[in-house]
Amino acid sequence: MKGLALNFLKLLIRFKFPAIQEITTEEFAHWLLNSRKSQPLVLDARSQTEYAVSHIKTATHIDAITPDLAVLSTVAKDRPIVVYCSIGYRSAKLAQQLDKAGMKCIYNLSGGIFQWANEGRLIFKDEHPTQLVHPYNAMWGKLLKATYHAQEW
């Protein structure tokens with residue numbers, strides 16, 4: 001049921017943000033392992049509390065509600081950027097803002113960190129691997145396998 005619900009939500013996100021290019025967790029994982037390919041700037045668009053529990057290894061936190069796009073002023077406009085959140089909505093919204101700000105190569109991680117973790121991919125807390133993910137809230141947390149919940153709801 002989790003997979004079906006997550007797939008439905010991913011479809012809704014694609015419908016709401018049709019201009020935003022998506023990348024699958026599998027494509028993204030392969031990209032990160034390919035040292036010959038230019039590595040993307042990875043942005044975690046969840047809250048600081050969520051990010052502190054765990055994140056994808058090379059991710060930098062950015063506030064999705066009030067993003068400080070000035071911090072990206074030193075990033076080349078054509079540098080690839082992969083944005084993610086719990087399932088992909090907040091990150092798609094941020095990707096849209098980055099596009100309007102002139103960034104050229106932006107990807108939204110389809111399924112977000114929930115799908116990434118559900119597939120058993122590595123996540124980190126303070127440079128150390130962990131298996132815990134902030135479930136966002138009780139309802140959305142149902143899309144995350146219970147073994148990965150950082151707290152019970």
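User: How far apart are the end C-alpha atoms of helix α4 (residues 89-100)?

Analyst: This is a predicted model, so the value is computed from its coordinates. Helix α4 has 12 residues, and at 1.5 Å a residue these should span 16 Å. The distance in the model agrees with that: the end C-alpha atoms are 17 Å apart.

User: Which residues of α4 are buried?

Analyst: Buried means under 20% relative accessible area. In α4 the buried residues are Arg90, Ser91, Ala92, Leu94, Ala95 and Leu98.

User: Why do the buried residues of α2 lie on the same side of the helix?

Analyst: Helix α2 covers residues 25-33, and its buried residues are Thr25, Phe28, Ala29 and Trp31. In an α-helix there are 3.6 residues a turn, so residues three or four places apart point the same way.

User: What covers the buried residues of α2?

Analyst: Both strands and a helix take part. The cover includes β1 (21-23), β2 (41-44), β4 (81-84), β5 (106-109) and α5 (112-118).

User: Is Thr25 buried or exposed?

Analyst: Thr25 lies in helix α2. The cut-off for buried is under 20%. Thr25 has 2% relative accessibility, so the residue counts as buried.

User: Which residues does Thr25 touch, leaving out those up to four places away in sequence?

Analyst: A touch here means heavy atoms within 4.5 Å. On that basis Thr25 touches Leu109, Ser110, Gly112, Gln115, Trp116, Glu119 and Arg121.

User: Where does Asp126 lie, and is Asp126 buried or exposed?

Analyst: Asp126 sits in the loop between β6 (123-125) and β7 (128-130). Its phi is positive, near 50°, although the residue is not glycine. With 55% relative accessibility, Asp126 counts as exposed.

User: What is the phi of Tyr136?

Analyst: Tyr136 is in the segment after β7. At 36% relative accessibility, Tyr136 counts as partly exposed. Tyr136 is not a glycine, yet its phi is positive, at about 70°.

Definitions and conventions
Residues are numbered from 1 along each chain as its sequence is written. This is a predicted model: local features need pLDDT of at least 70, side-chain atom pairs count only at pLDDT 80 or more; totals for chains, interfaces and linings use all residues. Side-chain values use heavy atoms; hydrogens and water are left out. Helices (H or I, at least four residues) and strands (E, at least two) are DSSP runs, numbered from the N terminus. Buried means under 20% relative accessible area, exposed over 50%, partly exposed in between (1.4 Å probe, protein chains only). The expected span of a helix is 1.5 Å times one less than its number of residues.
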